[in-house]
Amino acid sequence: MSETILELKNIHKRFGKNNIHQGINLSLKKGESLGLLGGSGTGKSVLLRSIVGLERIDQGEILFHNKRIDNLDEEKLTPYRIKISYSFQTGALFDSINVFENIAYPLFEHTHFSYSQIKDRVGEMLKLIDLPDREEVMPSDLSGGMQKRVGMARAMILNPEVILYDEPTAGLDPANTLNVVSLMQRLKEKGLASIFVTHDIPSALMLCDRIVVLHQGKIIFDDTPLNFQASNDLIVKKFNATKD
Ligand SMILES: Nc1ncnc2c1ncn2[C@@H]1O[C@H](COP(=O)(O)OP(=O)(O)O)[C@@H](O)[C@H]1O
Ligand SMILES: [Mg+2]
C-alpha cells in the first residue's frame, strides 16, 4: 500500500453561524487523484484553502507526511505551500506581465536558479501545457483555457507533490476542457497527487482514483469511481444524474 501524504482529521470550520465543515476526515496517498464533489457553497474551496493555510480551521488537524501543518505561521508554511500547490479557480495570472514572467514567478521568489535555468524550466513547462514558444504573449491575448493551463504551469513549476485544482474546467468549452484534463492526466502520470474540485463529473470519473462527496459539512461518500456510479445513495445519485 502506498503511503498517505496528506491527512485531514476531524476538520471543523465555521464563518459566524455558518457551520461549513463539521468533522471532515480525508486522506490522500502518494500519486493518488481524488475527485471532490459537492453542491455550490458546501465548502469545497474553503477546504482547499484550509489545506494551504489560506483559511484557518477551528478544530481538527491537517498532516503532511505525518507532520501537523494547520498550526504553522505564514513563514513556516512557505515550504509546505511549495509541496502542496493550489491552482486558483480563475487561473489568477498577473495581467501586466507576460506568460514567461507569470510561470517563472515562483522560481524567482523561491529559488536561486540562474536566468538560463529558469528559461529552460519555463520552456519545459510550456511544452508540457502544449503552448510552446508563447513566452512573450500577454495573458489577455490567450483564451480562457490557455490562461488556465498557464496558471497550472505556474502551480507546477516548483515540483509540488500535491496539486489542489479548484474547478479547473469551469467555464471552458469541450475542446479546452479536454486540453486541461489531458494536462492533468499527464501530471498524474508523472506521479503528482491531486484533489480535483469539480462539477464536471465525466472528467472526475476519467481522471480520479477516488470520488468524495461533501454534503452538509461532512464527507458522505468516499470510494472508487465504479462504486460511485453504482451507488444507491440518493445524494450521490443526484451527482450521477448530471453525468449525461
Ligand atoms: N471568507 C469567508 N467569510 C465568510 N464566509 C465565507 C468565506 N469564504 C467562504 N464563505 C462561505 O462558506 C461557504 C462555502 O464556501 P466555498 O468553499 O467557497 O463553497 P464551494 O463549495 O462552492 O467552493 C459559503 O457559504 C461561503 O459563502
Ligand atoms: Mg468553490
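S9 (residues 210-215) and S10 (residues 218-223) run antiparallel and are joined by 5 bridges; two strands are taken to pair if DSSP finds at least two bridges between them. Strands (E, at least two residues) and helices (H or I, at least four) are DSSP runs, numbered from the N terminus. The hairpin of S9 and S10 has 2 residues between the strands, and Gln216 takes a positive phi near 45° there.

Of the 6 residues of S9, 5 are buried, and the strand is thus described as mostly covered. A residue counts as buried if 20 or more other C-beta atoms lie within 10 Å of its own, as exposed if 12 or fewer do, and as partly exposed in between, with C-beta atoms placed from the backbone.

## Basis of the description

Residues are numbered from 1 along each chain as its sequence is written, while chains are lettered from A and ligands numbered from 1 in the order in which they are written. As the model is predicted, local features need pLDDT of at least 70 and side-chain atom pairs count only at pLDDT 80 or more, whereas totals for chains, interfaces and linings use all residues.

## The six-stranded sheet

S9 and S10 belong to an open sheet of 6 strands with mixed pairing, in the order S6-S7-S8-S3-S9-S10. Its edge strands, each pairing on one side only, are S6 (84-87) and S10. On average, neighbouring strands of this sheet are turned by 15° against each other, direction ignored; angles are taken between N-to-C directions of axes fitted to C-alpha atoms, for helices over the stretch in contact, and run from 0 to 180 degrees.

Strand S3 (residues 33-37) runs parallel to S9, with 4 bridges joining them, and Leu36 stands opposite Val212 in S9. S3 also pairs in the parallel sense with strand S8 (residues 193-197), again over 4 bridges. In that pairing, Ser33 has Ser194 of S8 as its bridge partner.

Helix H5 lies across S6 and strand S7 (162-166), running at about 165° to S6. The largest nonpolar core has 59 residues, and Ala153, Leu164 and Phe196 have the most contacts inside it. Such a core is a set of buried Ala, Val, Leu, Ile, Met, Phe, Trp, Tyr and Cys residues joined through C-beta atoms within 7 Å. H5 (residues 144-156) gives the most to this core, with 6 residues. In soluble globular proteins, nonpolar side chains tend to be buried together.

Leaving aside residues up to four places away in sequence, Leu164 touches Leu48, Ile51, Val52, Ile84, Ser85, Tyr86, Ser87 and Ile195. Contact here requires C-beta atoms, placed from the backbone, to lie within 7 Å.

## The four-stranded sheet

A second open sheet, of 4 strands, has antiparallel pairing and the order S2-S1-S4-S5. S2 and S5 (67-68) are its edge strands, each pairing on one side only. S1 (residues 4-15) pairs with S2 over 9 bridges in the antiparallel sense, and Ile11 has Ile24 of S2 as its bridge partner. These two strands form a hairpin with 2 residues between them, where Gly16 in the turn has a positive phi of about 60°.

S1 pairs with S4 (residues 59-64) in the antiparallel sense over 5 bridges. Leu8 has Ile62 of S4 as its bridge partner.

The shell around ligand 1 consists of Phe15, Asn18, Ile20, Gly38, Ser40, Gly41, Thr42, Gly43, Lys44, Ser45 and Val46; a residue is near a molecule if its C-beta atom, placed from the backbone, lies within 6 Å of it. Strand S2 (18-29) and helix H1 (44-51) each supply at least two of the shell residues. H1 provides the largest share, 3 residues.

By class, the shell divides into 3 nonpolar, 7 polar and 1 charged residues. In this scheme Ala, Val, Leu, Ile, Met, Phe, Trp, Tyr, Cys and Pro count as nonpolar, Asp, Glu, Lys and Arg as charged, and the others, Gly among them, as polar.

## Loop residues

Asn66 is found in the loop between S4 and S5 and has a positive phi of about 65° although it is not a glycine. Asn66 is exposed because it has 9 other C-beta atoms within 10 Å. Asn159, in the loop between H5 and S7, likewise is not a glycine but has a positive phi of about 55°. Asn159 counts as exposed because it has 11 C-beta neighbours inside 10 Å.

Asp233 lies in the loop between helix H8 (225-230) and helix H9 (234-241). With 14 other C-beta atoms within 10 Å, Asp233 is partly exposed.

How values were computed. Contact = placed C-beta atoms within 7 Å.
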